[in-house]
Structures are given as C-alpha cells and as structure tokens.
Amino acid sequence: FTAHYTGYVWHHYGLSGKSFVTTQGHTYYTLLRPFECAARRLLGTDIKTTLLQRHYLIDRELDTLIARHPDLQIVELACGLSPRGHRFTQQHPGITYIETDLPGMVARKHPLLAGIGSLGPNHRVVTCNILDRDTPDSLESVIARECQPGRPLVVITEGLVNYFDLGTISTVWQRLAICLKSHPMGIYLTDVYPEVEGHRFAGIIKASNRLLRTASRSRFMLHFSSDRAMQAHFLSLGFANVRVFNPDHEPTAAPAARGGAIVRVVRAQA
C-alpha cells in the first residue's frame, strides 16, 4: 500500500515519470483524497505534505554531499518505487547508485528502470534484506559486494524505520554504523517519525497512525520523545556526528505544515 501510494505522490508532484506509477498507486491516491483534504483542514498538514518534506530534505542533503564528493556511492535500502536513483544518476553521472529491496520489489523495479534506460554500471538494483545476517542478501554483504571501500558512501532509508520496533531497527543502525566506518566518509540519511505527545493535534495524529497500521497491515510505531533524544540515541549506536532536521526550520521546496511538522530527517556520520 505505502510503496504504491508514495510512488504516485512523487509522480503527481513532478518528481518522477509515468513509468513509476502503478494502477494501485493511482487507486490509493484517489481513495485517500477526501481524508487528505480533511487532514489539511484539521491538522494543517496531510500525508502528502509529510512525504514531500522528508523527500526534499533528504534530496537537499544528498545534493550537498555530491557537491563535495562527485564520486559518491549511494545505497538506498528498501527503495520501493522511489525515483531518486534515476533522477540523481541523470543529474550526476559521476556517482554510483545502488537501489535495494526485497525480491518482489526488485523484480518490479528492475524492468521499470531498464525500460527507461537508467540501469548501467553506475545504477544497479539488487536484493537486500536488512534483517538478514551472514547471507548474500545481508546489509553487510551487499555493501561489501557493491561498493568500493576507497570511495565515500551514503546509505539512505526513507519511509522504512518506523515499521520496526526501536530495538530491531537500532540493531540494524548499529550494524550500519560499522559498515560505514570502513569508508573514508560514511553517512546515513533517514526519516524518522517521533512521538507526538507535545503536538497540538496529538490525538488526531495517533488515530491516523492506527489507521495506517491497519491499512498497511503493519506495526507503524513512533520513536523518540524529542529531537535531542533522537540525536543521543544515534550517537550511542556508534555514529560520531548526528544532526536532526525539522522541516519547520529547513528551507526546501516542500509545503509547510501549519500545525507543525510530524517527521524529522537524520544525518548520521560514522
């Protein structure tokens, strides 16, 4: 549900071409429009606003890193129908972009990208399961096999981490920090949805969260009571420098959330 819906949002806002659109995505987008309108009136924000805020912020940080490191290697975990790999390899021919996901999504994404002429030595799609250990599809195996240790590396997750409990995803983050340390520069970019106890619309947001959990048949959980707690947690897992970006205070092309942003973007350097 979320991969298809998000893929349609990217297309609707000019971030991807028609190749990234699925029938399911268009259907979900149409069905959710009344709820999105109601959310904008009640909360001053909606799902689309949150998706665009996190996407533009991650893109901004990635652009900054590529300007400093034109030979940057990028691994996007659980890429889904994200257009970022295609857009960035077209704009920056010196980078290497590795998209990863579970086998079902890789089987869908590979012909999609091949059909628009995007795949090649610098843009690949491979299978990866972040929960695997000591298998060819593990996080460590994919990075070791697909990336050159002498070049800087950025790993991205978007729309992924809150589907895991904090203990499970923290173990993945700790393993990732170790992988990133083997490169001359290693950075992790991710979005995180924090707890909303202090938000003026906390009750409505929690109800919407429960609806998302039901619709996506998942356990979508909110992590961290504050930006400071988020930063401290990443530091405790082995990252050396951590910044937490609040879309309310960051200039991007994304629309503002009138009631306050409910997503954060983390840049953690190993």
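Let's start with the overall layout: the protein chain has nine helices and seven strands, taken as DSSP runs of H or I over at least four residues for helices and E over at least two for strands, numbered from the N terminus. This is a predicted model, in which local features need pLDDT of at least 70 and side-chain atom pairs pLDDT 80 or more, while totals for chains, interfaces and linings use all residues. Residues are numbered from 1 along each chain as its sequence is written, and side-chain values use heavy atoms, leaving out hydrogens and water.

Of the 270 residues, 53% count as buried (under 20% relative accessible area, 1.4 Å probe, protein chains only). Among contacts (heavy atoms within 4.5 Å) between residues at least 6 apart in sequence, 73% join residues at least 24 apart.

Now take a look at helix H4, residues 84-91. Six of its eight residues are buried, so H4 is largely enclosed by the rest of the structure. The buried ones are Arg84, Gly85, His86, Arg87, Phe88 and Thr89. Their cover includes helices H3 (47-68) and H5 (103-115), together with strands E1 (73-77), E2 (96-101), E3 (123-127) and E4 (153-157).

Further along, the axes of H6 (residues 139-146) and H7 (residues 166-180) come within 10 Å and cross at roughly 25°; these axes are lines fitted to C-alpha atoms over the stretch in contact, with angles from 0 to 180 degrees between N-to-C directions. That makes H6 roughly parallel to H7, the term for angles under 35 degrees. Leu139, Glu140 and Ile143 of H6 meet Val172, Arg175, Leu176 and Cys179 of H7.

Technical notes
Buried means under 20% relative accessible area, exposed over 50%, partly exposed in between (1.4 Å probe, protein chains only). Angles under 35 degrees count as roughly parallel, over 145 as roughly antiparallel, 65 to 115 as roughly perpendicular and the rest as oblique.
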